[in-house]
Amino acid sequence: MKVLPCGHLAPAAGARVCAHLTTDNGPRCFRVLTGVATRYDLLCTTCAEADTPELVDVCAGCFDRAEGLARLGWLGSPEVLLRDRDLGGTWTTTACPVTPLNDRCLAALPDGWLAWTADGLVALDPAPRHVSAVDLPAESPSKQAPEPALYTPVDGRFAAAVADYGRYGVVVDLASGALALTLDRQDYHPGTVRFPVAFVGPLVVAATGWNRLDAFDPATGRLLTERVTTYEENPEHYFDYFFGAMLPSPSGRSLLVDGWVWHPEGIPLVLDCAAWFAGDRHAPEHGRTLAVRDEWDMPMAWVDDETVALQEIGDKQRIDGIQLHDARTGRRTGMFAGPTGRMWGHGGLLYVTTDDGFEVWDPAEGARIGFVPGFHPTAHGNGAFAELRAGRLRIWTPEA
Ligand SMILES: [Zn+2]
Ligand SMILES: [Zn+2]
């Protein structure tokens, strides 16, 4: 280790700051992308406008301090790494005269797919088979119209049919078609978030209020997480947070939640379901913050049980791409530019549906490694991706 130009015998940040940012109380600055991957330097306004600004290699500590002043946004362009190769896998295409209500209304079953259509739930295993009607209570009028969304557990025993940006949902027993549970998250600003619901192991976790999750056994309808969470009765465990879309980790140990708090600020969280179901009753009220941003409802995925991928890089000002976070510490551990669109994690890779087609990104490389033009899947399960559109069911199963 050698003494860096900032005067410190410390690990180098591998990035530079302008000379005005090497002292305490420096000016606010830009993140200026260097054009190499997502690397950037920090420059004050004067230096960002200069033809040949003086830049200083600094230690990690000095860079972090200057980064606290990076409130002016991004300049320049990142490098998007495209290393497409033929990913192989198997394709099947079949005629399928079934129309999901929207692109959130197709979900995986162990032997096929489940669609929520105008006629209710239809299983495709593979021939279309009517399972049940879906009757949700009428929603009260709101600025954001409710949008139907469908979820299934890995074992395919149940399905949750819910109103994103709405108040109600149901859980249906797919063997009998019977109603297993009615979901109601009450009427406090549901239009700001998708309906929080997820199957975790044999249980279903769903919001029962704007700031409260509960777990139910869908086989019996039993509530398993009785507890007090109101401010008046339990201020220590009161959680001032609007729960939104939820995504279980591959093992089901953790739950990734996309929600927000008044300001408003989007705060993606990781909840410890293993601790919750092992007896830590207030685990849902004590999630781990991954980021604080001025938006929410952005695509997210699990890369593996310890790593979360959030779309868009940055907090207040953002660029297209992905930031990776350690789910245990919340720390950002990497980022790469490019992907934008609905996203799934599978086998350590990230899969993104874009306007042009389907992209496969390798977070370890920070690069796109495959692209399928014209394929726009809307569901994932059992290692396969499905697109059901215009009477045609197209399925791609990438090589494991
Ligand atoms: Zn400067
Ligand atoms: Zn330093």
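**Briefing: strand pairing, cores and overall form**

In this predicted model, strand E25 (residues 307-313) and strand E26 (residues 319-326) pair in the antiparallel sense over 6 bridges. Within that pairing, threonine 307 has aspartate 326 of E26 as its bridge partner. The protein chain as a whole comes to 3 helices and 34 strands, and its radius of gyration is 23 Å, close to the 21 Å that the globule rule gives for 400 residues, so the chain is as compact as a globular protein of that length.

**The sheet around E25 and E26**
- An open sheet is formed by 4 strands in the order E24-E25-E26-E27, with antiparallel pairing.
- Because strand E24 (300-304) and strand E27 (332-337) each have a single partner strand, they stand at the edges, and one side of each is left without a neighbour in the sheet.
- From one strand to the next, the twist averages 30°.

**Nonpolar cores**
- The largest nonpolar core holds 91 residues, of which Trp113, Leu150, Ala159, Ala161, Val197, Val204 and Ala309 touch the most other members.
- Strand E13 (residues 158-164) gives the most to this core, with 6 residues.
- Leaving aside neighbours within four places in sequence, alanine 159 is in contact with Ala107, Leu114, Leu121, Leu150, Tyr151, Thr152, Val172 and Leu174.
- Another core, of 19 residues, lies apart from the largest one and includes Leu21, Leu42, Phe63 and Ala70.

**The chain as a whole**
- Taken along the principal axes, the C-alpha atoms fill a box of roughly 70 × 60 × 40 Å.
- Buried residues make up 42% of the 400 residues in the protein chain.
- Among contacts between residues at least 6 apart in sequence, 52% join residues at least 24 apart.

Methods: Residues are numbered from 1 along each chain as its sequence is written. Chains are lettered from A and ligands numbered from 1 in the order in which they are written. This is a predicted model: local features need pLDDT of at least 70, side-chain atom pairs count only at pLDDT 80 or more; totals for chains, interfaces and linings use all residues. Two strands pair if DSSP finds at least two bridges between them. Helices (H or I, at least four residues) and strands (E, at least two) are DSSP runs, numbered from the N terminus. Axes are lines fitted to C-alpha atoms, for helices over the stretch in contact, and angles run from 0 to 180 degrees between N-to-C directions. A nonpolar core is a set of buried Ala, Val, Leu, Ile, Met, Phe, Trp, Tyr and Cys residues joined through C-beta atoms within 7 Å. A residue is buried if 20 or more other C-beta atoms lie within 10 Å of its own, exposed if 12 or fewer, and partly exposed in between; C-beta atoms are placed from the backbone. Two residues are in contact if their C-beta atoms, placed from the backbone, lie within 7 Å. The radius of gyration is taken over C-alpha atoms; the globule rule is 2.2 Å times the number of residues to the power 0.38.
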